[in-house]
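Subject: Structure handover

Hello,

Here is the structure I said I would pass on. Please keep it open while you read the notes below it.

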Amino acid sequence: MYKNLKIGLALGGGGARGACHIGVLRVLEDNGIIPDVIAGTSAGSMIGAMYASELNAKIVEEKYMKHIQSENFKDLGFRYIPNSEKDDSIFSQIVKQIKNQYVLMVSSNRKSIIKNERLSKAANILFEADRFEDLKIPLFVSATDLITGNPIIYKTGNLVDAVVQSSTIPGFVEPTYQNNRMLVDGGISLPTPVTPLLGECDFIIAVNITRGITNQPEPNNIFEILNRSRDVSIGQLNKYILEKSNFVIKPEHNNLHWSAFDQSDEFLEVGRKAALDSIENLLDTLDLNLKNNIKPIKETFWTKIKKRLFS
């Protein structure tokens, strides 16, 4: 439908909230909007790689949900991460405190909780391609170098390695050490990877799944204060980045924690709803941009002569 308009799709990071991207992709696909290039950060790189491999959002959803329910997924160890959803039951509060104590104890003498090989295993299960060059559409994957603070953008070479680096949640997954760089989650420097698409396409659709600070309780301990500080910083950076896109889709995920994979069905649905709520406006905006991007045919010497002779 939009063959004369090169469309870029930026898929942001957010752990379990990445399932929102699949719901968005299904609606875009149903309306004839197929991205010509995708940029992904963290969870967005994982979903982006799956979609660039398949070009079929329904297949991506089926594979993703099957993986979430598998033993291989359980081996990733997300049970060790405190989920910040509010739950006032005594049992839940005890479990939360145990988890917090475990993370605090481990963090004093280790750089991570799990090895990055576990992420590699998951990526190999989910992807049909091993290399960027084997994908059906171009993909950019962002990581962050903790030594320099700079974003690193991958678009060629080993796809699994790039996605693992982009999805390396600091303090949880082991960093990748490469060429004097310490590579971790792309969401630190590019929460929603719009900037890699600048100059690469005519129209950029951004899907923002970052966690805001609205509807969150007041922080009342060290963990919550640190997390809120991080959320504020990322939110301000993300706001600046999103301004560079042409259209933003923002699923209403109630700021659920990135480790809430048990609510993947809900994330799929809110992604679908956000896209459905935006689709008419998006189609109108695309049509307007398509009209504005039609370039007049360049006149040659002979067309100028004909115009003079027959006008």
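This is a predicted model: local features need pLDDT of at least 70, side-chain atom pairs count only at pLDDT 80 or more; totals for chains, interfaces and linings use all residues.

Residues are numbered from 1 along each chain as its sequence is written, and side-chain values use heavy atoms, with hydrogens and water left out.

Whole chain

The chain has ten helices and eight strands. Helices (H or I, at least four residues) and strands (E, at least two) are DSSP runs, numbered from the N terminus. Of the 311 residues, 50% are buried. Buried means under 20% relative accessible area, exposed means over 50%, and partly exposed is in between (1.4 Å probe, protein chains only). The accessible surface comes to about 16500 Å², and 54% of it belongs to carbon and sulfur atoms; the areas come from the Shrake-Rupley method with a 1.4 Å probe, and for residues only the protein chains shown count as cover. Taking contacts between residues at least 6 apart in sequence, 77% join residues at least 24 apart, where contact means heavy atoms within 4.5 Å.

Helix 3 and helix 6

Two packed helices are described by the angle between their axes and the distance between the axes. For helix 3 (residues 57-68) and helix 6 (residues 117-126), the axes come within 10 Å and cross at roughly 145 degrees. Axes here are lines fitted to C-alpha atoms, for helices over the stretch in contact, with angles from 0 to 180 degrees between N-to-C directions. Which residues make the contact? Helix 3 supplies Lys 63, Tyr 64 and His 67, and helix 6 supplies Ala 122, Ile 125 and Leu 126. By class, that is four nonpolar, one polar and one charged residues. In this scheme Ala, Val, Leu, Ile, Met, Phe, Trp, Tyr, Cys and Pro count as nonpolar, Asp, Glu, Lys and Arg as charged, and the others, Gly among them, as polar.

Helix 3 also holds Ile 59, which is partly exposed at a relative accessible area of 31%. Ile 59 and Ile 22 are 37 residues apart in sequence, and their C-alpha atoms are 10.0 Å apart.

Salt bridges

Side chains of opposite charge can pair when their charged atoms come close. A salt bridge is counted when a side-chain nitrogen of Lys or Arg is within 4 Å of a carboxyl oxygen of Asp or Glu. The whole structure has six of them.

Glu 128 is exposed, at 55% relative accessible area.

Arg 272 and Glu 269 form another salt bridge, at 2.7 Å from N to O. Both residues lie in helix 9 (residues 264-292), three residues apart, which is about one turn of the helix. Arg 272 is partly exposed at 35%, and Glu 269 is partly exposed at 38%. Elsewhere, salt bridges that share partners join Glu 54, Lys 63 and Glu 128 into one network.

A further salt bridge pairs Arg 131 with Glu 133, at 3.6 Å from N to O. Arg 131 is partly exposed at 40% relative accessibility, as is Glu 133 at 48%.

Single residues

Most residues other than glycine have a negative phi, and most peptide bonds are trans. Ser 42 is not a glycine, yet its phi is positive at about 55 degrees. Ser 42 sits in the loop between strand 2 (37-41) and helix 2 (43-54) and is buried, at 7% relative accessibility. Leu 55 also has a positive phi, near 55 degrees. Leu 55 is in the loop between helix 2 and helix 3 and is partly exposed at 31%.

Is Phe 127 buried or exposed? At 5% relative accessibility, Phe 127 is buried. Phe 127 is in the loop between helix 6 and strand 3. Leaving aside neighbours within four places in sequence, Phe 127 is in contact with Met 46, Ala 49, Met 50, Leu 159, Val 160 and Val 163.

Regards
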